[in-house]
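Trainee: I would like to learn how to read packing and aromatic pairs in a model. Can we work through a case?

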Amino acid sequence: MRSKPVDEELINLMRQRVASVSVGPSTARGMGPKGTIAAARAYLASLDLHRFAVHSEADFKAVLNRSTHAFVKKMPRRAQYWGACRKFLNIFLRDVVYQKYLVEHYRLHAIEPWLEVPMDSHVAKRLRREPEGRTAVPPWRTVIGLDARTNTKYQKFASVVADRRGIKRVHLDVIYWRRVNDD
């Protein structure tokens with residue numbers, strides 16, 4: 001038995017909730033002045049998720065890159081960091097994919113394999129502890145210092161690690177998040 005489609009108002013409220021939960025004080029700590037969290041949440045809540053319903057990884061990366069650059073421009077002047085915006089966007093998209101109603105409404109079934117692991121110091125540290133990690137990726141600096149080239153290196157290695165585990169790389173964030181021996 002098929003369920004009735006969820007109405008547009010409810011979908012918008014779900015998207016706003018995911019945006020709000022995705023970027024909280026701990027996620028954005030040290031990444032900008034007062035107003036950074038509100039600006040990030042507003043951008044994500046208004047993001048047209050239909051644009052991500054693509055049929056190839058190349059198309060997904062293009063939409064992700066355009067969205068990241070647009071996101072940077074919407075942030076307060078002292079919070080216009082590519083790395084922070086990419087992290088917020090990746091967390092948001094991961095949480096969207098974890099929300100079945102949004103996946104169905106926006107037809108995002110295909111994007112899970114293309115999602116990036118949201119990068120931060122914890123993920124970087126854990127990746128560098130993996131076999132070959134210290135030679136595969138550069139030393140971690142900061143989220144706000146993360147650029148596209150360095151992110152690509154981390155994402156490629158994250159794919160190797162995830163493949164070994166039999167999962168998609170986006171899920172490494174859940175595995176690495178607040179691990180007990182992560183100092």
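Trainee: Which helices do the buried residues of α7 pack against?

Mentor: Keep in mind that this is a predicted model. The buried residues of α7 pack against α8 (133-136), α9 (148-165) and α10 (172-176). Helix α7 spans residues 121-129, and its buried residues are Val123, Ala124, Arg126, Leu127 and Arg128.

Trainee: What does the side chain of aspartate 120 reach at the start of α7?

Mentor: One of its side-chain oxygens comes to within 3.1 Å of the backbone nitrogen of histidine 122.

Trainee: How is a pair of aromatic rings described?

Mentor: By two quantities, the distance of the centres and the angle of the planes. In this protein the count comes to 5 aromatic pairs. Take phenylalanine 60 and tryptophan 114: the ring centres are 6.0 Å apart and the planes stand at 40 degrees, so the pair is tilted. Planes over 60 degrees apart would count as edge-to-face, and under 30 as stacked.

Trainee: Which parts of the chain does that pair tie together?

Mentor: Phenylalanine 60 belongs to helix α4 (residues 57-74), while tryptophan 114 is in the loop between α6 (100-106) and α7, so the pair ties together parts that are 54 residues apart in sequence.

Trainee: Are phenylalanine 60 and tryptophan 114 buried or exposed?

Mentor: The cut-off for buried is under 20% relative accessible area. Phenylalanine 60 has 1%, so it is buried. Tryptophan 114, at 13%, also counts as buried.

Trainee: What kind of pair do tryptophan 140 and tyrosine 154 form?

Mentor: Their ring centres are 5.7 Å apart and their planes at 85 degrees, so the pair is edge-to-face. Tryptophan 140 is in the loop between α8 and α9 and tyrosine 154 in helix α9, so parts that are 14 residues apart in sequence are tied together. Tyrosine 154 counts as buried, at 0% relative accessibility.

Trainee: Which residues form an aromatic cluster, and where does the charged end of lysine 100 sit?

Mentor: Tyr43, Phe71 and Phe88 form one cluster. The charged end of lysine 100 sits over the ring of tyrosine 101, 5.1 Å from the ring centre.

Trainee: How many helices and strands are in the protein, and what is its radius of gyration?

Mentor: The protein has 10 helices and 0 strands. Its radius of gyration is 16 Å, which agrees with the value near 16 Å for a compact globule with 183 residues. Of these residues, 45% count as buried. Among contacts with a separation of 6 or more, 67% come from residues 24 or more positions apart.

Technical notes. Residues are numbered from 1 along each chain as its sequence is written. This is a predicted model: local features need pLDDT of at least 70, side-chain atom pairs count only at pLDDT 80 or more; totals for chains, interfaces and linings use all residues. Side-chain values use heavy atoms; hydrogens and water are left out. Buried means under 20% relative accessible area, exposed over 50%, partly exposed in between (1.4 Å probe, protein chains only). Helices (H or I, at least four residues) and strands (E, at least two) are DSSP runs, numbered from the N terminus. Contact means heavy atoms within 4.5 Å. A polar contact is a pair of N or O atoms within 3.5 Å; within protein, one must be able to donate a hydrogen and the other to accept it, and residues adjacent in sequence count only if both atoms are side-chain atoms. Rings of Phe, Tyr and Trp (its six-membered ring) pair if their centres lie within 6.5 Å; planes under 30 degrees apart count as stacked, over 60 as edge-to-face and the rest as tilted. A charge sits over a ring if NZ of Lys or CZ of Arg is within 6 Å of the ring centre and within 35 degrees of the ring normal. The radius of gyration is taken over C-alpha atoms; the globule rule is 2.2 Å times the number of residues to the power 0.38.
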